[in-house]
Amino acid sequence: MRIIMEQPQPDEEDQIIVRCRNLSSEIISLLGQIQTQGEFLIGYTGDEIHRVPSRDIYYVEAIDRKTFLYCESKVYESKQKLYELEEDFGSGDFIRVSKSVILNMSKIKSLLPSLSGRIEVVLKNDERVIISRQYVQELKKLLGV
């Protein structure tokens, strides 16, 4: 693979052009990372409003009609629904792993096979998330396992 960088003319906007024979999952992941790099989500803790960088989120979980953003050591509530966040994340490092959880794949430390075809994911902050059976194959495919 070759990477070419060019300086645009002063009147031109920045752009990224991807030219590839096969759009692999690695390239799709890189494009998703580029798209979400500077993005922030709004998170709430009590009366405080926070701008939470997408890259700091380990996973998102919906519990009792509320959505929570889990970071390394903090948890924020989001006013957005889980499906809205899934659409916002696009095809980056975030993947749906159960009906109620979206996981940031860049925060995965290790995988452990679990009972009945599920997988337990250990995150870099040592939290554990269960991957439902119906999402296991997609995760393995994206991780190249």
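P113 has I119 as its bridge partner in strand β9. That pair sits in a predicted model, where local features need pLDDT of at least 70, side-chain atom pairs count only at pLDDT 80 or more, and totals for chains, interfaces and linings use all residues. Residues are numbered from 1 along each chain as its sequence is written, and side-chain values use heavy atoms, with hydrogens and water left out.

**Around β9**

Strand β8 (residues 108-113) runs antiparallel to β9 and pairs with it over 5 bridges; two strands are said to pair if DSSP finds at least two bridges between them. Strands here are DSSP runs of E with at least two residues, helices are runs of H or I with at least four, and both are numbered from the N terminus. On its other pairing, β9 is joined to strand β10 (residues 128-131) by 4 bridges, again antiparallel. There, V122 stands opposite R128.

How many residues of β9 (residues 119-123) are buried? The count is 5 of 5, with buried meaning under 20% relative accessible area, exposed over 50%, and partly exposed in between (1.4 Å probe, protein chains only). In a regular strand, side chains alternate between the two faces of the sheet. For β9 both faces are covered: I119, V121 and L123 lie on one side, E120 and V122 on the other, and all are buried.

**Hairpins**

| Hairpin | Residues between the strands | Residue and phi |
|---|---|---|
| β3 and β4 | 2 residues | D64, near 50° |
| β8 and β9 | 5 residues | S116, near 55° |
| β9 and β10 | 4 residues | D126, near 70° |

**β3 and its partners**

Strand β3 (residues 59-63) pairs with strand β4 (residues 66-70) in the antiparallel sense, over 5 bridges. It also pairs with strand β7 (residues 101-104), antiparallel too, over 3 bridges. V60 takes part on both sides: L69 is its bridge partner in β4, and I102 stands opposite V60 in β7.

R96 touches I102 along with L82, Y83, E86, V101 and Y135, leaving out residues up to four places away in sequence; contact means heavy atoms within 4.5 Å. Is R96 buried or exposed? R96 counts as buried because its relative accessible area is 15%. Its side chain makes a polar contact of 2.9 Å with the side chain of E86. Such a contact is a pair of N or O atoms within 3.5 Å; within protein, one must be able to donate a hydrogen and the other to accept it, and residues adjacent in sequence count only if both atoms are side-chain atoms. The R96 side chain also reaches the backbone oxygen of K99 at 2.8 Å.

G46 is another story. It belongs to the loop between β1 (40-45) and β2 (48-53), and it is classed as exposed because its relative accessible area is 73%. G46 and Y83 are 37 residues apart along the chain, and their C-alpha atoms are separated by 23 Å.

**The whole chain**

Overall, the protein has 3 helices and 10 strands, in the order α-β-β-β-β-β-α-β-β-β-β-β-α. The C-alpha trace spans about 50 × 40 × 25 Å along its principal axes. Of the 145 residues, 34% are buried. Among contacts with a separation of 6 or more, 38% link residues 24 or more positions apart.
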